Structures are given as C-alpha cells and as structure tokens.
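Subject: A structure for you to look at

Hello,

Here is the structure I promised to pass on. Please open it first, then read my notes below.

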Amino acid sequence: MSPPDSAPPSAPVSAAAPRRRRGWAVAGGVVGLVVAVLVAWWTLRNEGQRITATTIGYRVESNTTVTVSFDVSRPPGLAVTCTARALDGHFTVVGVADIVVPPEGERVVHLEKAVRTTSRAVTGVVQDCVRT
C-alpha cells in the first residue's frame, strides 16, 4: 500500500476575489479622504473661534490682594469670562476672581484685575477663559 498523498487537491482560484479586494480598498480610500477633508474643514473653521488667555505678570499688593495682568484673545464681538487665581507658596488657591470681558473692543484685550486673597499669595495666574 502506498501512503496517501498529503497535498490537498488544488482549488480553482476565483477571478472575482482580487476585484472584491480592490473594491474594498478603493471604498476605504474614499472614506479616508472624506474624513480627512471634514477634519481639515472643521479645524480651519474653528481656528478663528479660539479663546486664549496669557498671563503677563502679577504684583503682590498686600497680604490680601494680588493683581494679575493678562491678555485675552477672542473672536471680535464675543463676550468671555476669565478666571484668575491667586496661589500661595504651597500652590494652594487663596483667591479667585471672575473677570467678564465685554464683546466690544479689539480681538486681543489687555486686562489687570485685583484678586482678593484669604492669605498672602506668591503668584497670580489666569486659569482659563470661556464664552459667556
């Protein structure tokens, strides 16, 4: 008796299989391109709507007051509210003040705000600004 043939019989190769794979690849490429275009459009559209605050400096006026100086960049005609914080030497918040920036004025606004504190602060910062 001879040993059985270990090679499986060859199956016919379908000519449709490569076309199906190519179709999925094209569809995937089109979906990827559409997603990339939408992300680029959304990014460019929102670029001019960004609100940023930059702390310029601070002055410790007394044991109960620190003055924070900062710039706010926001779209023209948009009112925003910024939160300034006073911190002590252990980075504990010892004072908070909300500052409303009216919609009138330039795109970049320079402001100074006195923040009342419960104990002596060693620094003052603007934490963030949000739409009002």
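Some ground rules. This is a predicted model, where local features need pLDDT of at least 70, side-chain atom pairs count only at pLDDT 80 or more, and totals for chains, interfaces and linings use all residues. Residues are numbered from 1 along each chain as its sequence is written, and side-chain values use heavy atoms, with hydrogens and water left out.

Start with the layout. The protein chain has one helix and six strands. From the N terminus on, the order is α-β-β-β-β-β-β. Helices (H or I, at least four residues) and strands (E, at least two) are DSSP runs, numbered from the N terminus.

Now the sheets. Two strands pair if DSSP finds at least two bridges between them.

Nine bridges join β2 to β5. Val66 stands opposite Val115 in β5.

Another open sheet of three strands runs β4-β3-β6, again with antiparallel pairing. Here β4 and β6 are the edge strands, each with a single partner, so one side of each is left without a neighbour in the sheet. β3 and β4 pair over eight bridges. Thr81 stands opposite Val100 in β4.

Next, the inside. Of the 132 residues of the protein chain, 25% count as buried. Buried means under 20% relative accessible area, exposed over 50%, and partly exposed in between (1.4 Å probe, protein chains only).

The largest nonpolar core has 18 residues. Such a core is a set of buried Ala, Val, Leu, Ile, Met, Phe, Trp, Tyr and Cys residues joined through side-chain atoms within 4.5 Å. Phe70, Val72, Cys82 and Val115 have the most contacts inside this core. β2 (65-73), β3 (80-87), β4 (93-101), β5 (108-116) and β6 (123-131) each supply at least two of its residues.

Take a look at Val72.

Best wishes
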